[in-house]
2 protein chains.
Amino acid sequence: MRVAVIGAGEVGSAVVDLAGEFGHTVTAFADSKSAVVDDDGIDTDAALSAKRTDGVLGTEDPEAALEGPYDVLVEATPTTLGDAEPGFTHVGIALQRDRHVVLANKGPIAERYQEVKDLESESDGSVRFGATVGGALPVIATIEDFSPSRITALRGVLNGTANFILSRMAAEGLDYEHVLAEAQDLGVAEADPSFDVDGTDAALKGVIVANVIDSEATYTLSDASIDGIQNLPGSMLDLAQEDGRTIRLVVEFDGDQVRVGPRLVPEHSALAPAGTRNAVQLETKVAGRLNISGRGAGGEETASAVLADIGRLQS
Amino acid sequence: MRVAVIGAGEVGSAVVDLAGEFGHTVTAFADSKSAVVDDDGIDTDAALSAKRTDGVLGTEDPEAALEGPYDVLVEATPTTLGDAEPGFTHVGIALQRDRHVVLANKGPIAERYQEVKDLESESDGSVRFGATVGGALPVIATIEDFSPSRITALRGVLNGTANFILSRMAAEGLDYEHVLAEAQDLGVAEADPSFDVDGTDAALKGVIVANVIDSEATYTLSDASIDGIQNLPGSMLDLAQEDGRTIRLVVEFDGDQVRVGPRLVPEHSALAPAGTRNAVQLETKVAGRLNISGRGAGGEETASAVLADIGRLQS
């Protein structure tokens, strides 16, 4: 398929880098300020190199990327809350032109789900967003396979940064501030780690999952009850360990509400993945509890989820 | 979709029972001796009841089911080895008529994969067989999503009976014969448990997975190296436990060979599911190690996998 990628951060760049291996042609690549467009396929190595060295992709405007002859637009611009712009507008432009959209950007699906679905129903294009939840873990795809009405609940550890911090606090007996600094040094936490440590990122994923599972109601971030890990003292993890447990930042959707908060979980259980790994537990009507775990975050991991979604559009 | 089900054991009956809830119409239901056919949809409750009380589904011949106006044939007759008959013939009849086939029967995919793929390429119908590996676990679907060439290895605990026996031996310190008898009382092991305890069932699943992952070679049961659990003394499990490990019947495909045998695994790890649960570990090129676990075996669980495959045919 011909793929236009908007957003040149970790995920967008990884999609451009890997698309050829999956048999696709990148016909446009844009960030907020510039774009490179070629209906026959851009020189992906050159574009990625230009971004790295000059911070500029090409000589075109980003609009040129959105208006090109692609089959699917990959929306990989940074997640924004509330009006979810400019991501929502990008989605709308593609669907209005009867193109497909694959999102890694959580904003439009978490904050304006019904509007996106309405635009999709009026379009020949389809919208997929597996990459927004759990990186490489097939969470949305698995919910679709079981059919959303047969999923009664989801529990997940879906933020790699928070999980890394809690894992390290438990393993080394170090306090939060210390481990956060370590995580920032390693690039596991951002300079501004708020969304990861205050539970917002996990809540966005919970809201997205709730929107997929519940066909009768639409959820937004403001519907979620959120507690982060910033105030967790190291002593709580020691106490948990004495009881064969540990603490993880867990997001839950029980069919009614989205909740995020630190939870006690058994030490080596499905909901206590190590490091930056993610884990999801689905309660299904016909097949009991299903556990999935693996690498959640990361440019390549999330890109592989985007490319898997593009593949699903083809079959 | 209009669904014809051939095979009236646990899985076939569960598919017939659940099809309506998934929006499908059962137009034919057959076992080895009889069939009930109705182009507008059979009375599923009546047919299941007749099977339970009289052992007979209806007054038609099984051939009538295969020749009817269905969209997809569900092949749920017992797995047979070697020529994989009569399952292979059933698959051929449906494909020749340009109908889809969804298999729960492992025989044709494990023993005559290339022939099935050849028939599929000459047909307008597609073949799906997710229900053959891991029951409700989305194993085949996940391999397809990542694209088979990006899966470098699979390791799995894919036989619920053997796993139950080993779990119980470890938990209770009981010997194999004792736990096998218990498993048979519970219906977890068959009166003739050979395929489960000698590793054949796990090997068939490994061969199916190998056929999907490896696009250059075709595997059959005779390619697998198989060791079962029949000769495992309880003392080995005690020894393992002293080292924080346990023993599970693990099937592996490393890109080259299919192997089944008892393996030492860490006690609470991804490859040590409890009871009859199944677990699969996929090594992926771009996203590291992915773990999936859940209920493998069971009529309803496997039927949900069949119905998920039918759903995939529709989109």
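Me: How do the copies meet, and what share of chain B's interface residues are also interface residues in chain A?
Reply: This is a predicted model, to start with. The share is 100%, so the copies meet through the same surface.

Me: How many residues are in contact on each side?
Reply: 29 residues of chain B contact 29 residues of chain A.

Me: What's the area buried between them?
Reply: About 2,300 Å². Carbon and sulfur atoms give 52% of that.

Me: Which residues of chain B lose the most area to chain A?
Reply: B:Asp145, B:Arg150 and B:Val286. Together they account for 24% of what that side buries.

Me: What does A:Phe129 touch?
Reply: Leaving out residues up to four places away in sequence, A:Phe129 touches A:Leu103, A:Ile109, A:Tyr113, A:Ile140, A:Ile208, A:Val212 and A:Asp309.

Me: How many residues of helix α1 in chain B are buried?
Reply: 7 of its 9, so the helix is mostly covered. The buried ones are B:Val11, B:Gly12, B:Ser13, B:Ala14, B:Val15, B:Val16 and B:Leu18.

Me: What covers them?
Reply: The cover includes β1 (2–6), β2 (25–30), α2 (44–54), β4 (72–75) and α13 (299–314), from chain B.

Me: Now B:Asn159. Buried or exposed?
Reply: Buried, because its relative accessibility is 4%, and the cut-off is under 20%. B:Asn159 sits in the loop between β7 (151–157) and α8 (160–172) of chain B.

Me: What does its side chain make a polar contact with?
Reply: The side chain of B:Asp201, at 2.8 Å. Setting aside residues up to four places away in sequence, B:Asn159 touches B:Asp196, B:Asp201, B:Lys205 and B:Asn278.

Me: Backbone next. Where are the cis peptide bonds you'd point to?
Reply: One runs from A:Glu85 to A:Pro86, with omega near 10°. Another joins B:Glu85 and B:Pro86, with omega about 5°. A:Pro86 is in the loop between β4 (72–75) and α4 (87–96) of chain A. B:Pro86 lies in the loop between β4 and α4 (87–96) of chain B.

Me: What about phi at A:Ala84?
Reply: Near 55°, a positive value in a residue other than glycine. Most residues other than glycine have a negative phi. A:Ala84 also lies in the loop between β4 and α4 of chain A. A:Ala84 is buried, at 0% relative accessibility.

Me: And phi at A:Asp98?
Reply: Near 60°, again positive in a residue other than glycine. A:Asp98 is in the loop between α4 and β5 (100–103) of chain A. At 38% relative accessibility, A:Asp98 counts as partly exposed.

Key: Residues are numbered from 1 along each chain as its sequence is written. Chains are lettered from A and ligands numbered from 1 in the order in which they are written. This is a predicted model: local features need pLDDT of at least 70, side-chain atom pairs count only at pLDDT 80 or more; totals for chains, interfaces and linings use all residues. Side-chain values use heavy atoms; hydrogens and water are left out. Contact means heavy atoms within 4.5 Å. Helices (H or I, at least four residues) and strands (E, at least two) are DSSP runs, numbered from the N terminus. Buried means under 20% relative accessible area, exposed over 50%, partly exposed in between (1.4 Å probe, protein chains only). A polar contact is a pair of N or O atoms within 3.5 Å; within protein, one must be able to donate a hydrogen and the other to accept it, and residues adjacent in sequence count only if both atoms are side-chain atoms. Buried area is the accessible area (1.4 Å probe) that two parts lose on being put together, summed over both.
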